[in-house]
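The following paragraphs lead through selected helices, contacts and core residues of the structure shown here.

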Amino acid sequence: MSSTTLPASGQGSESPATSDHSDLAALGYDQQLHRSLGKYASFAAGFSFVSILTTIFQLFGLGFSFGGPAFFLTWPLVFLGQFMVALNFAELAARYPISGAIYHWSRRMGGELVGWFAGWFMIIAQIVTASAAAIALQVVLPSIWGGFQVIGEDTALTSPSGAANAVVLGSILLVLTTTINCIGVNWMSRINSIGVTCEIVGVIALVLVFFTHAERGPQVVFDTGSAGADPGYIGAWIVSGLMAAYVMVGFGSAGELAEETRNPRRVAPRTIRLALSASALGGGLMIVGALMAAPSLTDGQLATQGLPYVIDSILTSPWGKVLLIDVAIAVFICTLAIQTAASRLMFSMARDGRLPASTVLAKVNSRTGTPIAPSVLIGLACIAILAVNVGNSAIFTTLSSVCIVLIYLAYMMVTVPLLVQRLKGWPHDGVQKDADGEKLFTLGRLGLPVNIAAVLYGGLMVINLSWPRAEIFDPTGEFPLLRWAAPLTVLAVIVVGIACLPHGKAHPKPVTIGA
């Protein structure tokens, strides 16, 4: 088997930073973004995108309401499927450490058209996901201090005043995250790393509180609840798995920031796997702990209120408010991480001339080393999406659900072409080594079975996410058409994408070695 050694990193006369620049140049691009992220900052990017403190806080009730306590069992299954995807991503990140990872990986494996649509799907999904994360502030801030409810008195997201107030809070948050992204990656990474540290501490504290206030044992996860008597429980349990599917996405953000990471060929593959694994472990313990500590599993409050119900029942002020503040921090860094990833993806596609107004979107500020136009455009688009929540919160919720389908489709536009390439003998260059002579991450002989598992999982999950269920897409029964929101939205995104589809092949910026 042949061996390929990548451009030197820290050998000879080249410094590690210069070598990373040369490595990027070998892939066809200048070093325009500032390369300053270390291992922890790279991990923080993936962990904060998943943001279990934000997402489980929002979605625990969804899973429990369908599957009862046994909905927890969908968590390890979804993790296993997503970990198969993450392993493939990690192998690609070692070989193609370029911003706009999903776009570049799918393009190099499946060609220009596949790559473009993967990037297009991901940009749309990330914009909606950032909006959904920002709107979560409404669930937290008014509970900390009533002054955060600036419109009306009803704080519920589904109420007219709550929906309007959520847009105000979310818009303020998006202005802040956009400003941070424009200032520079150093500020973004510092704030994100501090926020992730706070979130990890909060998760550990919450798990300890739950387990020390347990009302029942861990065997509760095998309890199907009141739905267990229903012959259709398996169907309800499958629906409950959507909670885990909504949460465990975005772990590939380390790849999106590859051009700003030191030694990305080694760091990004590791942090992709670690971000997903740490999120799965912490989230799983939170779910089990909440089920063990809940005052009641049958009074209906766990399904309607979720984690806040458990927290309020066992924590008194000020500790309950301290935890809510930590959740608010998690919402902030989650929104920041998603917007950052989206801006790098948009920049990367524009740099190849693959988007309308590419010349403007591909510009990098020489002082901050950040693509300002994509950050501002994404911030404005997120605020525009938020405005939908004022007119109809059900439609906004549906959009948030559908955007996850787009993410899974984008993932499949990487794993399916990669599988095709594996069947043709990929990787053709044998074992790759870094400058220190160490092998880069590779699946080796496990590549084919892991890739097949990732494709099968992705296909099944897209079907599950897209299935026209009234209880997910039209819970009030007022808008029957929303049941078909997933396939209709995907079709609309494809149609708009065709209209925006650029002609010709991508053209990387001319390379200037050592620039």
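Helices (H or I, at least four residues) and strands (E, at least two) are taken as DSSP runs, numbered from the N terminus. Thr-212 belongs to helix H9, which covers residues 185-212. The model is predicted, and local features need pLDDT of at least 70, side-chain atom pairs count only at pLDDT 80 or more, and totals for chains, interfaces and linings use all residues. Residues are numbered from 1 along each chain as its sequence is written, and side-chain values use heavy atoms, with hydrogens and water left out.

Thr-212 counts as exposed because its relative accessibility is 62%; exposed means over 50% relative accessible area, buried under 20%, and partly exposed in between (1.4 Å probe, protein chains only). A polar atom of the Thr-212 side chain lies 2.7 Å from the backbone oxygen of Leu-208. The side chains of Thr-212 and His-213 form a polar contact of 3.3 Å. Such a contact is a pair of N or O atoms within 3.5 Å; within protein, one must be able to donate a hydrogen and the other to accept it, and residues adjacent in sequence count only if both atoms are side-chain atoms.

Helix H9 also packs against helix H13 (residues 264-293), at an angle of about 30 degrees and with the axes 8 Å apart. Axes are lines fitted to C-alpha atoms, for helices over the stretch in contact, and angles run from 0 to 180 degrees between N-to-C directions. H9 and H13 are therefore roughly parallel to each other, where angles under 35 degrees count as roughly parallel, over 145 as roughly antiparallel, 65 to 115 as roughly perpendicular and the rest as oblique.

Ile-56, Phe-57 and Phe-60 of H3 make the contact with Leu-307, Pro-308 and Ile-311 of H15.

Phe-60 is also among the residues with the most contacts inside the largest nonpolar core, which has 158 residues. A nonpolar core is a set of buried Ala, Val, Leu, Ile, Met, Phe, Trp, Tyr and Cys residues joined through side-chain atoms within 4.5 Å.

Terms used
Contact means heavy atoms within 4.5 Å.
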